[in-house]
Amino acid sequence: MRFTLNGSTVSLDVAGTRRLLDVLREDLHVTGTKEGCGEGECGACSVLIDGEVVNSCLVAAGQVEGREVVTVEGLALPDGKLSPLQQAFVEHGAAQCGICTPGMLLAAHTLLKENPKASADDVRVGLAGNLCRCTGYTKIIDAVLACRT
Amino acid sequence: MTGRARYTDDLVVPGAWYGKTVRSSIPRGRVRSITFDPAFDWSQVVVVTAQDIPGDNVVHLIRDDQPALAVGEIRHREEPILLIAAPDRETLAAAERAIRIEYDALEPVFDLDRATETYSEIEIRKGEVEEVFKGLKDVEVVERTFKVGLQEQLYIEPQGAIAFPEPGGGIKVIGSLQCPYYVHRALKRALALTDEQAVVIQAETGGGFGGKEEYPSIVAIHAALLARKAGRPVRLIYDRHEDLAATTKRHPGVIRHRTVVRRDGTLVAQDIEIVLDGGAYCTLTPVVLSRAAIHAAGPYGCPNVRIRARAVATNTPPNGAFRGFGAPQSLFAAELMVEHVAERLGVPSLDLRRKWMLRLGDTTATGQQLTESVSSGLVLDAALKAAPPFHRSNVPSVRRGRGLSLVYHGSGFTGSGEKKLGGKIAVEALPDGTFRILTASTEIGQGTKTIFSQLAADALGVGMDKVVVAPQDTSLVPDSGPTVASRTAMIVGGLIHQAGLELRARLEKRPKPALPVRVDKSYVQPDTIHWDDQTYRGDAYPVYAWACTIVDVEVDMLTGEVRVTDLVSAVDCGKAIHPVMAEGQIEGGMLQAVGWATIEEIKMKDGGYQNDRLATYLIPTALDAPRIKTVLVENPYSGGPFGAKGIGELPMDGPAPAIIAAIHDATGVWLDEVPATPEKVLAACASR
């Protein structure tokens, strides 16, 4: 199968029924995408498929044939520097243990793209599919609000 | 942030097999038979039984009662019996299906009153409680019973370890863990290894909250046994279901209070009884009970106190360490007791708190005189000042209420714990001009590496970019003690700062010393701290951190749903080494407590957890989380670096009683238990 991963085309020979999460982590060694629950509740495995946030533990690899997948590894700027959103996460202390951060960043990235003037309540709705047990969400919400345009 | 950090399951290990723990399906009984289906080709997998354990079949901790693998006797559901490993997940699953275990079931014990085994008992006495109860006159006696429920830590990264057989019969384990030397000691004991043969390395760890204090020893032993037998690395990574079903939870329990008070509000006596459910093995239960008992009277001064605490054995999976470590349970009861007494006397509970609260020079239930950094009044005033304006609801079916709590939490190990432990660290000046901190204290999201680097850099007079923290690898770093008990910043951070200062002085000597130069430090408890483990009298903790929490709730009178809308907490942590991270840690702890108090309910059935999946065990999302405001009040402690006290556990203590008080304020009913689920709220309102 072939798809675009973080801007590069990948082609590999895997069973299309395998979880996208496993193909990313085990076959491609792109391990920024985490498994927190394996049943679509925690959002640690969030990736973007054609710009939409999905739980990669619930997606069969075959479903991304020909599509564009973005993981946390694809969020940094082309020169390798942190994106403004990543930078805001660092500055606001929005990441503690870091395990939810990749998924949280992708969800935040998408909600800001869809609604650059998001309110605090909009941010809460946009991040509600991504569980964090360390921060109480306050610093995460602050970081996202700081990136509004 | 970039996806580059490597957590345990992110590590690529060529040739590693996948491991799995085969567990009991009954809460109590004996294994009658284990049958391996002859139709399955067993040569393609590795099976480990208790007979394969080269050392002692125990998970070494306090009592050594828990076997690494059960032999004959089963004491709880999900108890490990066998281990299997296979080259791929499909074969592993097939092997698991081909094993049949039959049992002779015995009657399990779940009821605390029927428990026949006690893990530990504690009695704290001050004054003469019995005498007070003999001569009651012109006083009010208020009696209440409180119940607290199980809670899962729910770190977002499940438990996991990878074990590697090493040359010379050694084993290396890389895992998700809080306390490398706990795992090191447990590995040595079960696998009969020397200090050098057992190597434990912490990978990036996705949260702990106590859940990765003692349990990783089990995961590590199991992975090591499989790796040893397979002769190759083995990955033992739990999925969420296994993690929820099998690993330790917060101790549930029952706390009874009898408080004697004069009609003018003077506190005369507190008689408190605590029973905690330890589950099927001892784990850290006696220490949890100890912290519960010491905090049970709340942050109040009372002349006559009797606290009787015991922890008993039942046939549920063992309960264990969880942020707060018994204190949230006993402080929940203590804080609500203030509300009940205030209600009886017809006075505002805030007035009683001000009247009763411990002040500088006052004496706690253990007879400890508080000589510095006592912040009851400071945090109370700061929280009241920061609280948002309160307004009642104008929707008939929704009621709003406000509640407040005042708590304190002992920093560091109890009593002489730090003295016995003698935590060690080192700071090195390297030839390339950089400095290296050597400590076994782990980063689990709370900011250890950052504040340690800050403290060392400050002492050395260099930029933080010149300081690195060495990996938490037992072959490299000394035993700084476990990353628990709100001790990391205050105790270990203090050592690092002192070592930095000493190293700087040495480097400034002329002639310049040849590099590397290393300064080792070991914690020496101040000789002003006196504690008696037998009588539970004395200085229970070197110092206490304080918090006052105000919560606003909305109760939906049709559904019983409780929504915490606002939470303000004023916290005295002595000195916030990194204010943003301190706030973050407090906010996360507060939300974890909100979850415990409202939605995090574990339903038991036949000794197992019914909701052992993340689809059914709910934790607060960004939508459920209240607006949280943290006010840092800094009242420095002379024994901590720059005055720092512990902060890790304190935020778990305050929200639950404040939420129950707020529900009462909104609805007029008292729940006296957590979690305040919609079912309980509706039932309480209906029976009113």
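Q: At what angle do helix 4 of chain A and helix 5 of chain A pack?
A: First, some ground rules: this is a predicted model, where local features need pLDDT of at least 70, side-chain atom pairs count only at pLDDT 80 or more, and totals for chains, interfaces and linings use all residues. Residues are numbered from 1 along each chain as its sequence is written, with chains lettered from A and ligands numbered from 1 in the order in which they are written. Helices (H or I, at least four residues) and strands (E, at least two) are DSSP runs numbered from the N terminus, and axes are lines fitted to C-alpha atoms, for helices over the stretch in contact, with angles from 0 to 180 degrees between N-to-C directions. The axes of helix 4 and helix 5 of chain A are 10 Å apart, and the packing angle is about 115 degrees.

Q: Are helix 4 and helix 5 of chain A roughly parallel or roughly perpendicular to each other?
A: Angles under 35 degrees count as roughly parallel, over 145 as roughly antiparallel, 65 to 115 as roughly perpendicular and the rest as oblique. The angle here is about 115 degrees. So this pair of chain A helices is roughly perpendicular.

Q: Which residues of helix 5 of chain A make the contact with helix 4 of chain A?
A: Two residues are in contact if their C-beta atoms, placed from the backbone, lie within 7 Å. Helix 4 of chain A brings A120(A), V123(A), R124(A) and L127(A). From helix 5 of chain A come I140(A), I141(A), V144(A) and L145(A).

Q: How many residues does chain B give to the contact with chain A?
A: Chain A puts in 41 residues. On that side, helix 2 (84-92), helix 3 (101-114), helix 4 (120-127) and helix 5 (138-145) of chain A each give two or more residues. Chain B's share is 37 residues.

Q: Which strands stand at the edges of the open sheet in chain A?
A: Five strands form this sheet in the order 2-1-5-3-4, with mixed pairing; two strands pair if DSSP finds at least two bridges between them. Each edge strand has a single partner strand, so one side of each is left without a neighbour in the sheet. The edges are strand 2 (8-11) and strand 4 (52-55) of chain A.

Q: What is the bridge partner of V47(A) in strand 4 of chain A?
A: Strand 3 (residues 46-49) of chain A pairs with strand 4 of chain A in the antiparallel sense, over four bridges. The partner of V47(A) there is V54(A).

Q: How many residues of strand 24 of chain B are buried?
A: A residue is buried if 20 or more other C-beta atoms lie within 10 Å of its own, exposed if 12 or fewer, and partly exposed in between, with C-beta atoms placed from the backbone. Strand 24 (residues 562-572) of chain B is mostly covered. Of its eleven residues, the buried ones number eight.

Q: Which residue in strand 27 of chain B stands opposite D566(B)?
A: Strand 24 of chain B runs antiparallel to strand 23 (residues 544-556) of chain B, joined by ten bridges. Strand 24 of chain B also pairs with strand 27 (residues 627-633) of chain B, in the parallel sense over seven bridges. Opposite D566(B) stands R627(B).

Q: Which residue in the turn between strand 23 and strand 24 of chain B has a positive phi?
A: These two strands form a hairpin with five residues between them. The phi in question is about 80 degrees, and the residue is G560(B).
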